[in-house]
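This briefing covers one protein chain, taken by topic. The sequence and the structure come first, and the notes follow.

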Amino acid sequence: MALFGGSRDIDLFRKLNKELINELIDVVVDIYKVDLSTTKEDVYGESTQKVYKDPVRVACLITADDQAWGSDEFGSDVNQAATFAFLRDTLKDAANIVLEVGDLIKWNANFWEIDGIAENQFVVGKNPDTDSNGTLFGGNHSIVCSTHLSRRTKLSINRTNVGTPNDLYHQ
């Protein structure tokens, strides 16, 4: 039987992380899920233009790489990668959202398309869902998304009006 990593330890760890990310760091992003019911597919099950649902605002940690500029026959272009780390409990309980490859994250006035998702950060190295000791020890902590900067021209997202009727601007 493990000395640390019990349910009280995991609850303390979750509480501290929620307070750190939601109140002290306080960086929020908007998550856009692909709306499969309104996205039109061709005979091969592919779509040239995705349609997205209304965004969900969630707090997270962000690590952005430096911008890389390149040029080709069409002109110059910028490429950038970023990593977004979410608390699993926040996505599951508060936002009721499941991230998938192809979803969009809006941050820093840009849209980032999710390329990969990692769910392998376990508290005390144990996943309570698969550990042989059951759900008594360990915890599944976070969801980390690797993304790339997406072009606005290929997105089907309406602009959001923010503010009062007298002070209306587009975000």
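In this predicted model, Asp 30 is buried, with a relative accessible area of 10%. Its salt-bridge partner is Arg 57, and the closest N and O atoms of the two are 2.8 Å apart. Asp 30 belongs to strand S1 and Arg 57 to strand S2, so the bridge ties together parts that are 27 residues apart in sequence. Arg 57 counts as exposed, at 54% relative accessibility.

**Overall organisation**

- The protein chain contains two helices and eleven strands.
- Along the sequence these elements are arranged as α-β-β-β-β-β-β-α-β-β-β-β-β.
- Of the 171 residues in the protein chain, 30% count as buried.
- Among contacts in the protein chain with a separation of 6 or more, 62% are between residues 24 or more positions apart.
- The protein chain has an accessible surface of about 11,600 Å², and carbon and sulfur atoms contribute 49% of that surface.

**Salt bridges**

- The whole structure holds seven salt bridges, and the pair Asp 30 and Arg 57 is one of them.
- Glu 100 and Lys 33 form a salt bridge, with their closest N and O atoms 3.0 Å apart.
- This pair links distant parts of the chain: Glu 100 is in the loop between helix H2 (88-94) and strand S7 (104-107), and Lys 33 is in the loop between S1 and S2, 67 residues apart.
- Glu 100 is partly exposed, with a relative accessible area of 43%, whereas Lys 33 is buried, with a relative accessible area of 14%.
- Arg 88 and Glu 119 also meet through their side chains in a salt bridge, at 2.3 Å from N to O.
- Here too the pair links distant parts of the chain, with Arg 88 in helix H2 and Glu 119 in strand S8, 31 residues apart.
- Glu 119 is partly exposed, with a relative accessible area of 38%.

**Nonpolar cores**

- In soluble globular proteins, nonpolar side chains tend to be buried together.
- The largest nonpolar core has 17 residues, and those touching the most other members are Val 29, Ile 31, Phe 84, Phe 86, Leu 91, Leu 99 and Ile 105.
- Two or more residues of this core come from each of strand S1 (28-32), S6, S8 and S9.
- Another core, of six residues, lies apart from the largest one and includes Tyr 32, Val 34, Leu 104 and Phe 111.
- Not counting residues up to four places away in sequence, Leu 99 touches Ile 31, Lys 33, Phe 86, Leu 91, Ile 114, Ile 117, Ile 143 and Cys 145.
- Lys 33, one of the residues that Leu 99 touches, is also the salt-bridge partner of Glu 100.

- Helix H1 covers residues 7-25, which is 19 residues, and reaches 26 Å from its first C-alpha to its last, close to the 27 Å expected at 1.5 Å a residue.
- Ile 10, Asn 17 and Ile 21 are buried in H1.
- The cover over the buried residues of H1 includes strand S2 (56-59), strand S3 (61-64), strand S6 (81-87), strand S8 (110-123) and strand S9 (139-150).
- A nonpolar patch on the surface is formed by Leu 20, Leu 24, Ile 25 and Leu 61, which together have about 340 Å² of accessible area.
- H1 gives the largest share of the nonpolar patch, three residues.
- Ile 25, a residue of helix H1, is partly exposed, with a relative accessible area of 35%.

**Ile 157**

- Ile 157 is in the loop between S9 and strand S10 (161-162).
- Leaving aside neighbours within four places in sequence, Ile 157 is in contact with Tyr 32, Tyr 52, Leu 104 and Phe 111.
- Of these contact partners, Tyr 32, Leu 104 and Phe 111 are among the residues of the six-residue core.
- The C-alpha atoms of Ile 157 and Lys 50 are separated by 9.2 Å, while the two residues are 107 residues apart along the chain.

How values were computed:
Residues numbered from 1 in each chain as written. Predicted model: local features only at pLDDT ≥ 70, side-chain atom pairs only at ≥ 80, totals over all residues. Heavy atoms only, no water. Helix = DSSP H or I, 4+ residues; strand = E, 2+ residues; numbered from the N terminus. Expected span 1.5 Å × (residues − 1). Buried < 20%, exposed > 50% of the residue type's maximum accessible area, 1.4 Å probe, protein only. Contact = heavy atoms within 4.5 Å. Areas by Shrake-Rupley, 256 points an atom, 1.4 Å probe, with all protein chains shown as cover. Core = buried A, V, L, I, M, F, W, Y, C linked by side-chain atoms within 4.5 Å. Patch = residues over 30% accessible without salt bridge, like charges linked within 9 Å, V, L, I, M, F, W, Y side chains within 5 Å. Salt bridge = Lys/Arg side-chain N within 4 Å of Asp/Glu carboxyl O.
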